[in-house]
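Trainee: I have a model open and would like to go through how it packs. Could you take my questions one at a time?

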Amino acid sequence: MCLPWAAAMQQEPVLAAAGSLDRMSDSSREFHKPVRRPAEVFDRAFAAEDPAEVSRVAHTTAHALLARVRADPDGGVVERLVSFTDEHGIDDLAELWSRSPAKTLPGALWRLYLVQLMIHDDPRTAALLYERGRAELASADDVVAGAPSPAGPDELVALVDTILRGLFQGDFAVALDRAAAFCRVQASGATHVADDYETTEPDRASTFTTRALRLSDYAADLSACAALWRRDALS
């Protein structure tokens with residue numbers, strides 16, 4: 001398993017406060033090469049499928065990563081975290097965080113990386129949905145998200161990367177609010193595009209409806225996480 005902090009901090013020890021995470025550091029790891037997870041930690045945690053252990057690992061890794069990077073937000077480290085899924089895919093993060101409740105720190109990080117991956121995988125569709133959502137949505141979400149006008153594929157990729165970057169070197173709650181607003185604009189666009197295809201291409205309409213519902217859920221979850229963070233209550 002390639003862990004986010006192992007990729008980003010190639011020669012840096014993991015936070016001592018992370019406990020068992022100290023055993024995960026490995027000076028031989030290189031950012032561009034996939035690495036295997038330490039058997040004594042992750043094989044035990046996920047093969048056993050012990051919910052308590054899965055939760056402990058998810059929360060420990062998320063808090064250790066965020067604390068370490070935000071304490072010393074080195075630009076190179078942040079950029080490697082932003083580009084993590086481009087280099088390593090989503091599977092390692094899924095194993096760490098995908099089973100976390102939505103309104104937790106690992107749950108928030110997981111949703112942000114998923115949104116980024118969705119945009120990177122198909123920026124043209126993302127730009128189409130964003131522009132449609134911007135036109136249809138009567139709210140300030142487009143302003144909060146911060147996309148230029150018009151927002152093409154390259155602009156959408158840059159925007160979602162900027163939002164993710166804000167988690168590590170900016171106001172964490174503001175980054176979550178921007179992500180939530182971004183998701184609401186995308187969800188609005190997907191809803192209206194689904195309506196366009198309803199009579200002529202029902203399967204395609206169903207796909208966009210599913211995306212709209214998922215993005216709406218993410219928006220609500222991320223907004224809730226932002227509020228929890230401001231109250232120092234995001235676990």
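Mentor: Start with a cut-off: angles of 65 to 115 degrees between axes count as roughly perpendicular. Keep in mind that this is a predicted model.

Trainee: How many charged residues does the contact of helix 3 with helix 10 have?
Mentor: Leu-66, Val-69 and Arg-70 come from helix 3, and they meet Gly-166, Leu-167, Phe-168 and Gln-169 of helix 10. By class, this contact of helix 3 with helix 10 has 4 nonpolar and 2 polar residues, and the charged count is 1.

Trainee: Stepping back, how many helices and how many strands are there in the protein?
Mentor: Read along the sequence, the pattern is α-α-α-α-α-α-α-α-α-α-α-α. The count is 12 helices and 0 strands.

Trainee: What percentage of the contacts with a separation of 6 or more lies between residues 24 or more positions apart?
Mentor: Begin with burial: 51% of the 235 residues in the protein are buried. As for the contacts with a separation of 6 or more, the share from residues 24 or more positions apart is 71%.

Trainee: How many nonpolar residues does the contact of helix 7 with helix 11 have?
Mentor: The crossing of these two, helix 7 and helix 11, is left-handed. Helix 7 gives Leu-105, Ala-108, Leu-112, Val-115, Met-118 and Ile-119, while helix 11 gives Phe-172, Leu-176, Ala-179, Phe-182, Cys-183 and Gln-186. By class, the contact of helix 7 with helix 11 has 1 polar residue and no charged ones, and the nonpolar count is 11.

Trainee: What is the orientation of helix 7 to helix 12?
Mentor: The axes of helix 7 and helix 12 (residues 202-230) come within 10 Å and cross at roughly 140°. An angle counts as roughly antiparallel over 145 degrees. That makes helix 7, relative to helix 12, oblique.

Trainee: How many charged residues are in the contact of helix 7 with helix 12?
Mentor: Helix 7 passes helix 12 in a left-handed crossing. Ala-108, Arg-111, Leu-112, Leu-114, Val-115 and Met-118 of helix 7 make the contact with Arg-211, Leu-215, Tyr-218, Asp-221, Leu-222 and Cys-225 of helix 12. The contact of helix 7 with helix 12 divides into 9 nonpolar, no polar and, for charged, 3.

Trainee: Which side chain makes a polar contact with the side chain of Thr-85?
Mentor: Thr-85 is in helix 5 (residues 84-88). At 5% relative accessibility, Thr-85 counts as buried. Beyond four places in sequence, Thr-85 is in contact with Ile-90, Leu-93, Tyr-113, Gln-116 and Leu-117. The polar contact, at 3.2 Å, is with the side chain of Gln-116.

Trainee: How far apart in space are Trp-110 and Trp-97, C-alpha to C-alpha?
Mentor: Trp-110 is found in helix 7, and it is buried at a relative accessible area of 11%. Outside four places in sequence, Trp-110 touches Ile-90, Leu-93, Ala-94, Trp-97 and Ser-98. Trp-110 and Trp-97 are 13 residues apart in sequence, and their C-alpha separation is 5.8 Å.

Trainee: Which peptide bond is cis, with omega near -5°?
Mentor: Look in the loop between helix 9 (141-145) and helix 10, where Pro-150 is placed. The cis bond runs from Ser-149 to Pro-150.

Trainee: What is phi of Asp-232?
Mentor: Asp-232 lies in the segment after helix 12. Asp-232 is exposed, with a relative accessible area of 75%. Its phi is positive in a residue other than glycine, near 55°.

Methods
Residues numbered from 1 in each chain as written. Predicted model: local features only at pLDDT ≥ 70, side-chain atom pairs only at ≥ 80, totals over all residues. Heavy atoms only, no water. Left-handed = near helix turned anticlockwise from the far one by under 90°. Helix = DSSP H or I, 4+ residues; strand = E, 2+ residues; numbered from the N terminus. Contact = heavy atoms within 4.5 Å. Nonpolar A, V, L, I, M, F, W, Y, C, P; charged D, E, K, R; others polar. Buried < 20%, exposed > 50% of the residue type's maximum accessible area, 1.4 Å probe, protein only. Axes fitted to C-alpha atoms, helices over the stretch in contact; angles between N-to-C directions. Parallel < 35°, antiparallel > 145°, perpendicular 65-115°, else oblique. Polar contact = N/O pair within 3.5 Å; in protein donor to acceptor, adjacent residues only side chain to side chain.
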